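Please have a look at the model first.

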Amino acid sequence: MNESSNDPATMRELVRDYVRAVHTTYLDHVQHLPPSERGGLPLVAAGDLTVVAAAAHRLHLVATTDPLPAPSGPEVELVDEHLGVRWRVRFYDPSVLPELGLIEEDSPDVVRRVLGISDTVYHLTVAIGGGLSGHHASHSGVALANQHSQLGRDLERIRRALPRQRAVVDELGICARLGLDRAAALLAADLTSGRVSAESGAPAAASLGAVLRDSTR
């Protein structure tokens, strides 16, 4: 790591460029979708959001629509916009939020708990250094757009199959987006009258996939 990359302002610009590349790639990638489908995608639907860049063992990028207070003290916030979506990148490290330096394992749920964020549009983890390249950001943007688009289509198929349980299906979708594995497993069992019983540790996306197969068979 060279001297310039140790400079906080330089690092913030690297992270800002990375987030900008993720968002512009995502938004450009979904331009071909029908308006109603595009408008339902989490990043598009958010319209105005904050991306918290939290440096723990890894760099966590947590996009949220949770309202945050105005920056104070050493907090820094940078604003960008593309295709009608506006976002602020807010930076935290142990010098700003000491608890980030105390966590032993920076799993996504632990980092979100430390930040106090509940409503997550997406949560990316990035290796500090080479992981912040524009090439990596573009791949992340496409992958995120495809993941959100597929999730939306899968949820709509389940809603059509289980029209009386749309609210529970919506909850399952939130769990899949936030990676709430245990909650997703419980909802999957509820939606299928116990026919889907996720194994311990199964990811939320797997529970959603099992519900889709069960409800559309």
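Asp-214 is buried, with a relative accessible area of 13%; buried here stands for under 20% relative accessible area, exposed for over 50%, and partly exposed for values in between (1.4 Å probe, protein chains only). This residue lies in helix α8, where helices (H or I, at least four residues) and strands (E, at least two) are DSSP runs numbered from the N terminus.

Before going further, a word on the ground rules. This is a predicted model, in which local features need pLDDT of at least 70 and side-chain atom pairs count only at pLDDT 80 or more, while totals for chains, interfaces and linings use all residues. Residues are numbered from 1 along each chain as its sequence is written, and side-chain values use heavy atoms, with hydrogens and water left out.

Which residue meets the side chain of Asp-214 in a salt bridge? The partner is Arg-195, at 2.9 Å from N to O; a salt bridge is a side-chain nitrogen of Lys or Arg within 4 Å of a carboxyl oxygen of Asp or Glu. The pair links distant parts of the chain, 19 residues apart: Arg-195 sits in the loop between α7 (181-191) and α8 (204-215), and Asp-214 in helix α8. Leaving aside residues up to four places away in sequence, Asp-214 touches Thr-192, Arg-195 and Val-196, a contact being heavy atoms within 4.5 Å.

Now to another part of the model, around Asp-80. Arg-16 forms a salt bridge with Asp-80.

Arg-20 is partly exposed, at a relative accessible area of 29%.

| Salt bridge | N to O distance |
|---|---|
| Arg-16 and Asp-80 | 2.8 Å |
| Arg-195 and Asp-214 | 2.9 Å |

How many salt bridges does the structure hold? The count is 15. Through shared partners, salt bridges join Glu-13, Arg-16, Asp-17, Arg-20 and Asp-80 into one network.
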